[in-house]
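Please look through the structure shown here, with attention to how its parts pack against one another.

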Protein chains: 2
Amino acid sequence: VLLPRATTFIRAQRLVDRLGIEVTLASETFQHTGSFKYRAAHRVACARPQRHLIAASSGNFGQALAAACAATKKQCTIVMPSTSSQVKVEATRSYGAEVQLIDVDRVSRVERLAELSALFPSAFVVSATDDPDVIEGNATLGAEIAELSQSCDVVVAPVGGGALAAGIIVGLRREDFPARVVGAEPSIANDAARSLRAGRRVTNDREPRTLADGARSLCLGARSWEILEESGTEVVEVSELAIALAVRLLFSHANLKAEPTGALAIAALLAAPEQFRERSCCCVVTGGNVDSALYCSLISSSGDL
Amino acid sequence: VLLPRATTFIRAQRLVDRLGIEVTLASETFQHTGSFKYRAAHRVACARPQRHLIAASSGNFGQALAAACAATKKQCTIVMPSTSSQVKVEATRSYGAEVQLIDVDRVSRVERLAELSALFPSAFVVSATDDPDVIEGNATLGAEIAELSQSCDVVVAPVGGGALAAGIIVGLRREDFPARVVGAEPSIANDAARSLRAGRRVTNDREPRTLADGARSLCLGARSWEILEESGTEVVEVSELAIALAVRLLFSHANLKAEPTGALAIAALLAAPEQFRERSCCCVVTGGNVDSALYCSLISSSGDL
């Protein structure tokens, strides 16, 4: 059984100079299957007794669960939006999973999962955003950040369903590490920011078409929401332009290939630099799986904030 | 004084599956200044008493020496071919070095260095390929590979002036590590392969215009040549197409941004797979500094071998 890989910490001086912020990257782009999702998928696949796991995923959790099921010799079915990037669909299939593509404007992931659950009563449906094992799997990244030798006042992490930020909070607490966690979320998919302002979970009407395809979920998971709310976590909203610029800066100033969702934390530093100056930041780069056509359009763009 | 960063070992399952060869990457793309050259530059800048260092470099050694001189508060002059990539010229200047661009078809680097040496008699001219401190600096990478927990029968490393392969040989020997070192060199810049066949150092007539700009040197350094020859090192020659494909595979199957020179070792596995099957290979990815325009043309190409 393939164990999760330790994160790759990178301090890129040219990126630090460009941002004017002390930043260390915690890159999960070299994690098995190319994103942090393998941490949770591995934990779920090992912990659950069922021989068939089903999940909905905009891509990276699907790949990760497919690989974790292959490693534990389990059957795997993944529901993906038909707008998912082709590399993610192909990679998921390459690990032996069955992929079901759905038009998310016509049927929600939740509805399709309910149908599959009825069809395969002995299977287990994994919530990529809210399974306790998912949050625990992500907590391992918090524990690794707590062991970082450099100082770290703030950990900045992308927010989709919230299980990554929640897991990091859990992992840091367990190690008594005092860093704050700040979420980074696309402005056009800002259910987490709106939820924290409203004091209750708010849901997007439909899956937003942000570049950050890992943050297209409709709302925070219930457990993740509880953890984010009681810890008073802040969320920085970022524009699509900031996401594109962040992908480009990671390419040009850190030699790091990141997917748009993976660049959200750096986009937050671009969007609200005053919140991060005079602080030591650890930015989680969650994944690197992106089509070459989209990637080239992002790194070749010339827009600035 | 900024110490060199330990190399980043990456085992990318999709790349292993695609190549059909057990390969671990030793990536120097996150080394300070984005290439392995900082190891040697740091050592030279610390070891030499002179307050002004001069070197010729197609780019990465220049950046590295500039950064090492900045860290040790020394003056730095770098001679670069006028065909060097713009990012490398700008990065070198950003570290405070003076950059002198030359048309290599009209004046060789050696000639220009001789002129500068006469002009600045108290300065020290560093040979990027042959200074004993350069080979020693590169030997630290051999020592890190020797500590790798996985098995490793063969280390594949790009060959330009030969100081990297020579340094790795020195480092592995010092640790009594039995792996063989195999060089990877562009076919259109094959002075090392020709030298090893002829039993004497052969020189290219002019700097070859290979994609792998770090391998455009005219000939092996004298010390590096001695080490490569007495150790019976083999060199695999690779086509420009194989270099492009290797850059693309590192992008798509390992999430790793590599410059063309950095992809030479993977190109060698593509060019001569039969030499590497049934072996555990460690491929050194020497650097990641590449213009976005060139990079996009490489990862968007559809050629195969």
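This is a predicted model: local features need pLDDT of at least 70, side-chain atom pairs count only at pLDDT 80 or more; totals for chains, interfaces and linings use all residues.

Of the area that chain B buries against chain A, 33% is supplied by Phe30(B), Asn255(B) and Lys257(B), which is more than any other three residues contribute. The count of salt bridges between chain B and chain A is 0.

One part of the contact between the chains pairs helix α12 of chain A with helix α12 of chain B, each spanning residues 292–300, and their axes lie 10 Å apart at an angle of about 175 degrees. Because angles over 145 degrees count as roughly antiparallel, α12(A) is roughly antiparallel to α12(B). Here Ser292(A), Tyr295(A), Cys296(A), Ile299(A) and Ser300(A) meet Ser292(B), Tyr295(B), Cys296(B), Ile299(B) and Ser300(B), and by class this contact has 6 nonpolar, 4 polar and no charged residues.

Within chain B, the axes of helix α10 (residues 240–254) and helix α11 (residues 264–271) come within 8 Å and cross at roughly 110 degrees, which makes α10(B) roughly perpendicular to α11(B); the crossing is right-handed. From α10(B), Ala242(B), Ile243(B), Leu245(B), Ala246(B), Leu249(B) and Leu250(B) meet Leu264(B), Ile266(B), Ala267(B) and Leu270(B) of α11(B), and the contact of these two helices has 10 nonpolar, no polar and no charged residues.

Notes: Residues are numbered from 1 along each chain as its sequence is written. Chains are lettered from A and ligands numbered from 1 in the order in which they are written. Side-chain values use heavy atoms; hydrogens and water are left out. Axes are lines fitted to C-alpha atoms, for helices over the stretch in contact, and angles run from 0 to 180 degrees between N-to-C directions. Helices (H or I, at least four residues) and strands (E, at least two) are DSSP runs, numbered from the N terminus. Angles under 35 degrees count as roughly parallel, over 145 as roughly antiparallel, 65 to 115 as roughly perpendicular and the rest as oblique. A crossing is left-handed if the near helix is turned anticlockwise from the far one by less than a right angle, and right-handed if clockwise. Contact means heavy atoms within 4.5 Å. Ala, Val, Leu, Ile, Met, Phe, Trp, Tyr, Cys and Pro count as nonpolar, Asp, Glu, Lys and Arg as charged, and the others, Gly among them, as polar. Buried area is the accessible area (1.4 Å probe) that two parts lose on being put together, summed over both. A salt bridge is a side-chain nitrogen of Lys or Arg within 4 Å of a carboxyl oxygen of Asp or Glu.
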